[in-house]
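Here is a short briefing to read alongside the coordinates. Have the viewer open and follow along topic by topic.

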Amino acid sequence: MDETANIVWDGVARGYIPPVNLRISPSLKLHTQGATDVDPITYEVIRNTFTSINLEHGQTIQKLSISPITMIVRDFQCAILTEQGDVMCLGPYLLYLGNMQGIFTKWILENRSGDPGIKEGDVFLCNDPYVGTSHQQDTGLTCPVFWNGELFCWVSNSVHYSDVGGPVPGSFCLTSQNIHEDPPCFPPIKLVEGGKIRTDVEQLFLRQSRIPQTVAMDLHAALAGLRVAQERIVKLIKTYGPDIVKGVMNRMMDAGERAIEKKLELIPDGRWSERVYTEAAVPGDRGIYVSRINIVKENGYLYIDNQGTSPQVGSINNTFAGLVGACLAPLTIMLAYDLGGICGGLYRRIKFRPVPGTITCADYPAAISTAGVFNMPMVVATATGAVSKMVACADSPLREKAIAMADVHAYGGCIFNGINQYEQFFVGMSAGMASGALPASLARDGVDTGGLFWVPGMEASNVEENELAWPVLTLYRRENAAEEAGAGRFRSGLGVEEAWILHGTDRMDMQIYMNDSFVKNQGLLGGNSGGRAFFKVKRNTNARQYLAEGKLPQSFDELNGDDAPIFFKGPPVNLEVNDIWSTNLPNFAGYGDPLDRDPTLVVQDVSQGKMTVEAAQKVYGVVFKEGGLLDIERTEACRAGRKQQRLF
Amino acid sequence: MERQRIFIGDNLKLENINGEACYTCACGNILGPWEANFKEGCTLKESPISSLGPGYASSDPDMENRMCFREFFCPNCGVRHATEVARIGDPYLWDVQPKLSSGAVSES
């Protein structure tokens with residue numbers, strides 16, 4: 001008998017799953033009256049105004065924050081929710097944070113509406129993953145919008161804060177065996193009450209951080225975003241009246257659901273799955289673990305579970321909210337791509353059947369803080385695989401929207417700390433994934449350094465911005481080759497490698513890095529998997545001598561020095577003045593058999609210097625004549641011969 | 001919507017053959033019935049991951065050697081229908097089972 005069967009999904013012992021009918025205190029009055037006869041022009045004006053308000057919310061956060069991870073990379077999300085906490089509008093930012101705001105807002109409605117109450121001018125803060133965040137650093141704020149004493153709707157955001165405490169700078173605690181060894185969790189608490197910031201609560205939150213000034217600025221940026229969104233919605237209500245505006249909100253949700261229904265009609269009923277492997281529950285662990293997502297489509301609904309996933313272990317866990325967010329990210333991209341961020345209708349058509357006590361739906365007190373760089377990309381990748389195979393079975397034009405898997409933990413970045421060139425303690429987070437690579441789809445190649453599809457608004461920082469913010473110099477940043485990694489009938493876009501050296505300091509600690517022991521990405525329907533993410537360090541190099549001579553090193557191999565042994569996940573790596581290091585975001589997955597690729601596309605890659613002639617023949621069976629022209633006859637013969645060889 | 005044929009990949013489809021839902025290759029070869037994993041009807045090649053090329057080579061061979069790269073080919077024409085990075089010894093992933101209009105969905 002399952003001993004955990006009687007544990008409720010309450011956000012305390014287990015991740016919170018909102019019930020269909022929320023238990024809200026009768027002392028809280030909800031505005032539910034919506035007009036049903038809004039004329040089409042008014043509907044469109046108000047609908048687009050909601051989208052604009054949400055975008056302005058995001059732009060406010062971006063402009064006022066000071067952490068590069070927020071300001072440049074846009075590791076945040078903002079949303080407008082109904083009075084019941086259903087997400088209506090989502091921004092073009094980190095997609096998996098979207099519905100989490102709905103989950104923790106619903107928890108607040110159930111658990112805070114009676115005591116201490118939900119009132120006009122309040123803002124709740126929450127970074128408890130069991131209530132509804134991906135990990136503690138992605139702290140959420142949610143703000144009720146009132147009209148005439150009734151709760152009309154909510155505006156909310158989740159922002160990655162650079163350090164929220166815990167034993168490790170950056171708060172990603174690789175060695176945690178449970179949440180008590182993680183940064184602190186704050187279940188929903190009023191940060192703002194009656195329009196006034198509670199300085200006691202603000203100080204409580206900031207006191208945990210090693211960089212409280214930076215976190216304070218970002219926190220106030222998030223509050224400003226809420227303020228802007230709240231004021232704009234109140235103005236909208238004043239202009240059109242609450243019943244008209246609520247009527248438009250209801251219709252937006254219904255219209256979104258109908259649009260999703262139409263898409264689902266193009267997909268046959270059936271069952272699809274994906275399996276992704278990960279490793280090292282804590283540094284030094286040699287275990288291999290499984291993330292699995294299964295989707296059943298039946299009668300116009302999608303039923304999603306994680307059956308087959310490994311039991312929760314070490315620090316590689318996420319909660320129910322993370323599972324939901326990660327599954328919704330690829331579903332939003334592949335099914336709701338034309339809804340302009342009005343995603344609420346999509347969520348109505350998906351039912352989750354989570355298996356608790358697993359690494360992708362962990363029970364309290366599993367450690368969660370590293371989920372942002374390990375589990376969340378992994379679950380997004382697993383869900384992408386299952387969703388892609390489902391969409392690949394759809395009728396056109398939907399099937400062409402199926403895209404292959406992006407990163408698993410590739411992340412391609414690193415988190416580091418030390419004393420910077422301004423002689424201040426700093427925590428840096430380089431999001432190498434921001435350069436991205438769009439994976440292959442059923443209709444076309446991916447896009448080289450095309451960003452990360454599940455963070456549409458993400459931007460890679462410029463080298464100069466990094467060098468201004470942190471004590472580093474970039475030696476090179478360049479695209480990977482288009483060779484075996486991510487090959488297919490349609491190939492992945494190309495990822496990027498970046499090499500660095502210290503500048504303005506003589507020591508730095510690298511806390512988080514990725515050096516995959518094995519490839520984790522899965523190819524789509526015959527395509528090659530993506531490449532291996534790596535992190536390399538070479539110690540005691542002569543790189544500075546190169547720089548003194550006015551030369552820029554362009555590879556590790558040309559420099560003297562000693563290659564440092566680096567495991568997938570290890571203790572902090574101390575970087576010193578003559579060390580160089582590089583991070584690699586590999587190419588993502590390809591689609592289809594590489595031997596079926598249009599040879600002219602291979603020729604194009606060779607002519608653009610993205611692939612060698614040798615790789616063209618080895619990977620794609622494409623043969624060139626002397627002078628570089630495509631040899632069609634020998635290519636066809638080579639491919640036919642290779643397919644025959646496969647049978648023996 | 002009535003469906004008597006479902007395209008899965010470029011060369012793989014599920015269709016009604018003599019009243020039975022079957023996975024078929026574009027070459028016409030039947031890979032097996034709807035009730036089974038189509039991979040069971042394919043020719044399997046299992047290789048070390050690093051054999052694919054330098055882009056897959058690991059700095060930790062002990063870990064890498066516990067994993068493999070699986071390719072599933074049509075046994076008639078040699079086209080590659082699926083690939084898997086898998087732990088050695090783990091079963092093939094049964095990952096695709098769409099349903100023609102008359103079929104049933106397995107909950108397994």
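The notes below go through chain A, chain B and one lysine of chain B.

This is a predicted model, in which local features need pLDDT of at least 70, side-chain atom pairs count only at pLDDT 80 or more, and totals for chains, interfaces and linings use all residues. Residues are numbered from 1 along each chain as its sequence is written, chains are lettered from A and ligands numbered from 1 in the order in which they are written, and side-chain values use heavy atoms, with hydrogens and water left out.

**Chain A: fold and dimensions**

- Chain A contains 14 helices and 20 strands, taken as DSSP runs (H or I of at least four residues for helices, E of at least two for strands) and numbered from the N terminus.
- For 648 residues, a compact globule would have a radius of gyration near 26 Å, and the 25 Å of chain A agrees with that; the radius is taken over C-alpha atoms, and the globule rule is 2.2 Å times the number of residues to the power 0.38.
- Along the principal axes, the C-alpha atoms of chain A fill a box of roughly 80 × 60 × 55 Å.
- Domain bounds, which come from an automatic or database assignment, divide chain A into domain 1 (44-258), domain 2 (403-592) and domain 3 (598-645).
- Between the C-alpha centres of domain 1 and domain 3 of chain A there are 52 Å.

**Chain A: packing**

- Of the 648 residues in chain A, 65% are buried, meaning under 20% relative accessible area with a 1.4 Å probe and protein chains only (exposed is over 50%, partly exposed in between).
- Among contacts in chain A with a separation of 6 or more, 73% come from residues 24 or more positions apart; a contact means heavy atoms within 4.5 Å.

**Chain B: overview**

- Chain B has 1 helix and 8 strands, and from the N terminus on they follow the order β-β-β-β-β-α-β-β-β.
- The C-alpha trace of chain B spans about 50 × 30 × 20 Å along its principal axes.
- Buried residues account for 52% of the 108 residues in chain B.
- In chain B, 42% of the contacts between residues at least 6 apart in sequence join residues at least 24 apart.

**A closer look at Lys39(B)**

- Lys39(B) sits in the loop between strand 4 (30-33) and strand 5 (43-47) of chain B.
- With a relative accessible area of 2%, Lys39(B) is buried.
- Beyond its neighbours within four places in sequence, Lys39(B) touches residues including Glu84(B) and Asp95(B), along with Phe72(B) and Tyr92(B).
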